[in-house]
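Please keep the structure open while reading.

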Amino acid sequence: MEKFDTIVLGAGIVGVSAAIHLLKRNRSVLLVDKAPAGEGTSYGNAGVIEREGFYPIVFPRQVGELVGIARNNQTRLHYNPRFLPKVASWLLQLRAASSEAGIAAYAEAMNPILSHAAAEHGALAGKGRAVEFYRGTGWLRGYRTAQSFDAGTKRQLALADHFGVRYQVLGAHEISDLEPDLAPVFERAILWPDSVSVSSPGGVTKAFARLFELMGGTFAQGDGRSLRREGDLWTVDYSGLSAQAPDVVVAMGPWSMDLLRPLGYRFPFAVKRGYHLHFKPRGDAALDRPVVDVDHGYVLTPMRQGYRITSGIEFDDRDAPPTPVQIDRILPQARAIFPLGEPIEREPWMGARPCFPDSMPIVGPAPRHPGLWLDFGHGHLGFTLGPATGRLLAELITREMPFVDPDPFRATRFRG
């Protein structure tokens with residue numbers, strides 16, 4: 001039986017970052033995952049560290065939006081009608097959190113940690129020799145009409161002004177000057193210069209995992225669901241062996257509740273499925289930064305593998321077969337803004353984002369089990385926040401003064 005100070009379950013960006021920060025605080029750490037590091041949700045995203053993530057994804061309020069969603073033919077959202085009853089309660093809670101008061105509370109809670117997100121990435125990237133993946137060119141959110149710009153930005157820009165976050169509103173000619181190979185389809189755009197992007201989020205996570213091992217951490221393949229309490233210690237099985245520790249961190253992303261439900265936790269948790277596919281560019285066309293086609297709900301971002309299109313949200317069972325109809329719907333829109341060539345993969349990649357209805361993660365102790373720590377539910381900001389919440393959790397475990405207020409992320413905000 002191996003002994004450690006802490007076991008971290010989940011080797012995505014969230015778990016790896018927590019494991020590194022615990023090592024930095026002189027804890028012996030075992031990191032456990034069924035797969036190699038960075039091959040789950042941390043692989044399949046737009047690779048953006050969002051400074052302006054203080055505005056959540058909200059439940060639509062306008063009748064026209066709801067009618068469009070009901071038709072189930074949009075690029076930004078797709079759902080399995082038979083799955084909706086399973087997620088109905090969660091959607092109602094999302095609707096409640098989407099009030100003006102809920103948006104304001106989210107922004108005040110999230111802005112402090114978002115203000116540190118890029119710096120926390122940078123600190124790990126410098127030590128993990130991952131700086132080559134990062135680019136400080138910001139990202140561009142494009143709006144095809146003045147009406148969609150006005151409707152979609154008023155509240156977010158007011159919050160940016162409130163928090164002192166930089167942005168630039170661009171007209172059509174300024175967009176072309178910034179990204180010459182974009183077709184002139186956006187009437188307006190916002191450049192968020194303080195957001196950082198990467199050319200391979202999976203590569204970043206793997207580099208951090210290598211740093212963890214170089215620092216003396218132990219990585220092993222195993223199933224976190226084997227976790228059990230034995231006396232005063234937590235035990236987990238891996239590679240035909242077992243390990244024990246007084247503290248264990250659950251950072252299993254969309255699989256976290258597989259472990260927590262048998263322990264009696266009933267947090268309001270859902271997954272939002274999403275897809276991506278890489279394409280070659282035609283000729284020497286290039287982008288310097290990720291571009292969001294806001295009206296159609298997708299991101300086109302330059303990656304090492306090619307130009308990645310990331311889809312919007314799909315509601316279905318986490319493990320149901322892929323239904324990548326959104327990619328098919330997006331492609332004509334994406335080809336209209338950028339000269340995409342042939343796809344690089346045969347089939348789109350599919351992943352799942354772990355989400356709570358208030359759009360904030362749980363970071364901190366589990367309410368009823370000593371030594372059980374939670375770091376999951378980051379939604380659309382998992383890659384953004386992984387290093388920052390990893391630091392916060394390590395500070396809580398080692399009883400340091402936390403660098404941001406952890407109270408908004410406490411598990412006890414939910415009844416589960």
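Phenylalanine 267 and phenylalanine 356 are both buried (under 20% relative accessible area, where exposed is over 50% and partly exposed is in between, with a 1.4 Å probe and protein chains only). This is a predicted model: local features need pLDDT of at least 70, side-chain atom pairs count only at pLDDT 80 or more, and totals for chains, interfaces and linings use all residues. Numbering runs from 1 along each chain as its sequence is written, and side-chain values use heavy atoms, without hydrogens and water.

Rings of Phe, Tyr and Trp (its six-membered ring) pair if their centres lie within 6.5 Å; planes under 30 degrees apart are stacked, over 60 edge-to-face, the rest tilted. The count is twelve aromatic pairs. Two of them follow.

| Pair | Centre to centre | Angle between planes | Class |
|---|---|---|---|
| Tyrosine 143 and phenylalanine 149 | 5.4 Å | 90° | edge-to-face |
| Phenylalanine 267 and phenylalanine 356 | 6.4 Å | 90° | edge-to-face |

Tyrosine 143 and phenylalanine 149 are buried as well. Phenylalanine 267 lies in the loop between α8 (256-260) and β16 (270-281), and phenylalanine 356 in the loop between β22 (349-355) and β23 (362-365), so their pair ties together parts 89 residues apart in sequence. Helices (H or I, at least four residues) and strands (E, at least two) are DSSP runs, numbered from the N terminus. One aromatic cluster includes Phe267 and Phe356, along with Tyr265, Phe269, Phe376 and Phe414.

Charges also meet rings. The criterion is NZ of Lys or CZ of Arg within 6 Å of the ring centre and within 35 degrees of the ring normal. Arginine 413 lies over the face of phenylalanine 356, 5.8 Å from the ring centre. The charged end of arginine 391 sits over phenylalanine 403, 4.0 Å from the centre of its ring.
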